[in-house]
Amino acid sequence: MTLSENDLWLLSYYRSSEINGALFFGRVARTLRGSPLQANVTHHFADEANHAKYWTRCIEDLGHTAVKLSGGYQDQYLEAVGLPANLMEVMAVTQVFEKRVIAQYHRHLRAGDTHPLVRQTIETIMEDERWHVKYVKDALEEMAGRYGQEYIDSTLARFTTADEEVYAKTLAEYGERISFLGGRGPLLEHPASDGDAA
């Protein structure tokens with residue numbers, strides 16, 4: 001199959017974002033003491049690396065080579081909100097970001113002419129993404145006693161606002177690249193629209 005330039009760019013963007021996610025969670029996993037959360041974050045790191053592998057394989061199976069991209073969605077997050085100050089903030093930014101990922105993948109699945117290999121790759125990845133949202137939600141609930149629910153809620157709100165800013169910037173910069181997904185409304189939907197399907 002011949003991918004359009006925009007199709008190839010988007011699949012490469014997904015791949016690059018998954019690589020960035022793996023690197024981030026690898027660093028987080030290294031800092032944690034032995035605990036169920038350490039095991040979950042390590043699992044998350046492995047999932048993100050596998051997702052990058054799945055996208056690489058998908059692109060190659062479609063007869064192409066992934067485009068090398070500089071930067072990614074996660075990099076813009078750090079510019080918008082800075083480095084997380086503690087483990088709770090790491091989990092909060094993860095929750096917001098993972099919901100954004102789920103929303104985008106849902107949007108792509110709804111595109112009528114999505115190639116079966118791309119659809120299969122997204123569906124495989126989505127199984128992991130739903131678990132990511134669940135374990136992070138559970139971790140944040142467990143942290144309420146230590147950090148306070150009000151602090152957690154305000155942190156989630158702050159990161160959600162940052163996510164909306166990063167989304168708007170991404171859409172302004174790359175909107176033409178993803179317009180082929182069609183439909184009305186924002187192309188990279190707000191996490192609340194599809195992201196709660198955990």
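Predicted model: local features only at pLDDT ≥ 70, side-chain atom pairs only at ≥ 80, totals over all residues.
The mean pLDDT of the chain is 86, and 88% of the residues reach a score of at least 70. Confidence is highest in helix α2, residues 36-61, with a mean of 98. The lowest mean in the chain, 43, belongs to helix α7, which covers residues 191-194. Across residues 183-198 the pLDDT falls below 50.

Two packed helices are described by the angle between their axes and the distance between the axes. For α2 and helix α4 (residues 87-110), the axes come within 14 Å and cross at roughly 35°. The crossing of α2 past α4 is left-handed. On the α2 side, the residues that meet α4 are Leu37, Val41, His44, Glu48 and Trp55. Their counterparts in α4 are Leu87, Met91, Thr94, Glu98 and Tyr105. Sorted by class, this contact of α2 with α4 consists of six nonpolar, two polar and two charged residues.

The model contains four salt bridges. One of these joins arginine 100 to aspartate 163, with 2.5 Å between the closest N and O atoms. Arginine 100 belongs to helix α4 and aspartate 163 to helix α6 (residues 149-178), so the pair ties together parts that lie 63 residues apart in sequence. Residues count as buried when the relative accessible area is under 20%. Arginine 100, at 4%, is therefore buried. Aspartate 163 is also buried, because its relative accessible area is 0%.

Another salt bridge links the side chains of lysine 134 and aspartate 138, at an N to O distance of 2.9 Å. Lysine 134 and aspartate 138 are four residues apart in helix α5 (residues 116-147), so about one helical turn separates them. Lysine 134 has a relative accessible area of 46% and is partly exposed. Aspartate 138 is likewise partly exposed, at 28% relative accessibility.

A further salt bridge pairs glutamate 141 with lysine 137, and here the closest N and O atoms are 3.1 Å apart. Both residues lie in helix α5, with a spacing of four residues, or about one turn of the helix. Glutamate 141 is partly exposed, at 47% relative accessibility. Lysine 137, with a relative accessible area of 43%, also counts as partly exposed.

Conventions: Residues numbered from 1 in each chain as written. Heavy atoms only, no water. pLDDT = per-residue confidence, 0-100. Helix = DSSP H or I, 4+ residues; strand = E, 2+ residues; numbered from the N terminus. Contact = heavy atoms within 4.5 Å. Axes fitted to C-alpha atoms, helices over the stretch in contact; angles between N-to-C directions. Left-handed = near helix turned anticlockwise from the far one by under 90°. Nonpolar A, V, L, I, M, F, W, Y, C, P; charged D, E, K, R; others polar. Buried < 20%, exposed > 50% of the residue type's maximum accessible area, 1.4 Å probe, protein only.
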